[in-house]
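Let's take a friendly walk through a protein model together. Please have the sequence and the 3D view at hand, and turn the view as you read.

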Amino acid sequence: MTVFDFAIVGAGIAGASLAAELAEAGASVLVLEAEDRPGYHSTGRSAAFWEECYGGPEIVPLTLASGEYLRDNGFLSPRGALYIGRGEDRMALDAFMTRFRDTGATIERIGADDLAGKISGIRPQWSDAIWEPACADIDVAALHAHYLTRAKAGGVQLECRSQLAGATRDKGSWTLETERGSSFAASVLVNSAGAWADEVATLAGARPLGIQPFRRTVIQLRTDPAPAPDQPLVLDISGKFYFKPESGRVWLSPHDEEPSAACDAAPEELAVAEAIDRFQGVVDWEIQAVERKWAGLRSFAPDRAPVYGYDPEIEGFAWFAGQGGFGIQTSPAAARLASQLLLGRPRDEMTEAIDASIYAPDRFP
C-alpha cells in the first residue's frame, strides 16, 4: 500500500488550499472528502467577501497577507464596506476604531452625509459609520477550483465519498479506513474537517479542542429599488445583520450564530424573519420576494482563533481547522503558513509577519 506523506480530511477551501501548498513543496498528498464533491458545506455557502477586519485583530494579519495573492490572481472585485450605527452606537464605533487602529486595516470614520451618499434610501437614524475602502467580493468558486487545480497538478489524490471511519497509528504510519471500505496509509493525518474537526480528532485518538459549529443564515431578496451594483457591503456595528448586492439582488444575513451539531445546515424561518425585519429598519426599499435562503456552518475554537499545526500529544496528527467565517479570505496565507509548519520550512514573504503561536494547538490547556 502506498504511504502518502500527508492525508488531509476535508476538501473544502481549507483542505484544497493546504493540499496544493504541500504538493507544490514536493509532498505526496491524499485528500479524503466525505461528500460527492468538494466544497459542498461551508465553502459552497459563503457570503463571498474579503473584509480586512472580519474575525477580529487576531485574523487581520492572515487577511492582509492573503490580499495580494487574491488580487493578483483575479479573485477580488472592489466593493468597500460600511459598519453602520445609530446615535446610541457611537461608543461601539469608537471602540471598533480603537480595536483595529494598529492592525494595518484601512478604516475611516464617516458621518451621516457621507453615509447617505453610499447607501440610497438609508433611514435617518443610521447616522454614523466606519468606511473600509479595501473590502472586496471574492469569487469563491473560482478560488476553490484554483486550489483543486493546483493540487491535481501537484499529484494530489482526491477521494470523494470517502468519509473517515477509523484511524490507527503504528510504526510511524496511519492506517485510514473509510465508510465505503477503502483503506489508505499516510505518515501525517491533517484534520481539515471543518464542523467535523472534533469528530475526526476523536477517531484519531486526539483530544477534541472544543471546535464548535455555528449556523449562519443568508437569504436572497428581490427589492425595489434594486441595490446599486457598486453599493458597499453593509454591516451592523452591533452584529445584527449584514447585506450586499449580488447580481441585482440583495444577499442578507441576520448575522445569526446558533450552536449546531455538525450537519447539512438548513435555514430556520425565525432567522429569515429576523433578517427581513432588521433590513426593513435600515433602508426604505420594498421587499418584493425572498428568492433563495440557505445556511452554512462556521466552526470556531474556544478562543475563536484558527488552529494550525501539529497536535502536542498525538504523533503525526495535525490541525488545520477552526477557521470560522474567515477561512476563504485568509486561505492563501493560512495554507502557506500551515504547510511551512507541517514541513518544518522557513517563512517566506507572505508569512514572515504572521505570529503562528496564536494559532498553535498547544495553546489550549
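Which residue forms a salt bridge with Arg180? The model you are looking at is predicted, and in this model the partner of Arg180 is Glu159, with the closest N and O atoms 3.0 Å apart. Arg180 sits in the loop between S11 and S12, while Glu159 belongs to strand S9 (residues 157-159), so this pair links distant parts of the chain, 21 residues apart. The two partners can also be described by their surroundings. Arg180 counts as partly exposed because its relative accessibility is 45%, between the limits of 20% and 50%. Glu159 has a relative accessible area of 17%, which is under 20%, and therefore it is buried.

Now let's look at the strands around that loop. Strands of a sheet pair through backbone hydrogen bonds, either parallel or antiparallel. Start at strand S10 (residues 164-170), which pairs with strand S11 (residues 173-178) in the antiparallel sense over 6 bridges. Within this pairing, Arg169 stands opposite Trp174 of S11. S10 and S11 make a hairpin with 2 residues between them, and Lys171 in the turn has a positive phi of about 55°.

S12 covers residues 183-191, and its antiparallel pairing with S11 runs over 4 bridges. Here Trp174 turns up again, standing opposite Ala186 in S12.

Elsewhere in the model, 3 strands form an open sheet in the order S3-S8-S4, with antiparallel pairing. Its edge strands are S3 (49-50) and S4 (76-78), each of which pairs on one side only. S4 pairs with strand S8 (residues 136-138) over 3 bridges. In that pairing, Asp137 in S8 is the bridge partner of Ser77.

Let's go back to salt bridges. Side chains of opposite charge can pair when their charged atoms come close. How many salt bridges are counted in this model? The count comes to 25. One of them joins Glu21 and Arg150, whose closest N and O atoms are 3.2 Å apart. Glu21 lies in helix H1 (residues 13-24) and Arg150 in helix H5 (residues 140-153), so the pair ties together parts that are 129 residues apart in sequence. Are Glu21 and Arg150 buried or exposed? Both are buried.

Glu21 has another partner to show you. Its side chain also meets that of Arg336 in a salt bridge, at 2.8 Å from N to O. This pair links distant parts of the chain, with Glu21 in helix H1 and Arg336 in helix H8 (residues 331-343), 315 residues apart. Both Glu21 and Arg336 are buried. Salt bridges that share partners join Glu21, Glu24, Arg150, Arg336 and Asp348 into one network.

Finally, turn to the surface. Glu68, Asp72, Glu349 and Glu352 gather there in a patch of negative charge. Glu68 lies in helix H2 (residues 60-72). Why does Glu68 count as exposed? Its relative accessible area is 52%, and exposed means over 50%, so Glu68 is exposed.

How values were computed
Residues are numbered from 1 along each chain as its sequence is written. This is a predicted model: local features need pLDDT of at least 70, side-chain atom pairs count only at pLDDT 80 or more; totals for chains, interfaces and linings use all residues. Side-chain values use heavy atoms; hydrogens and water are left out. Two strands pair if DSSP finds at least two bridges between them. Patches are made of residues with over 30% relative accessible area and no salt bridge: like charges are joined within 9 Å, nonpolar side chains (Val, Leu, Ile, Met, Phe, Trp, Tyr) within 5 Å. Accessible areas come from the Shrake-Rupley method with a 1.4 Å probe; for residues, only the protein chains shown count as cover. A salt bridge is a side-chain nitrogen of Lys or Arg within 4 Å of a carboxyl oxygen of Asp or Glu. Lys and Arg count as positive and Asp and Glu as negative; His and the chain ends are not counted. The place of a charge is taken as NZ of Lys, CZ of Arg, CG of Asp or CD of Glu. Buried means under 20% relative accessible area, exposed over 50%, partly exposed in between (1.4 Å probe, protein chains only).
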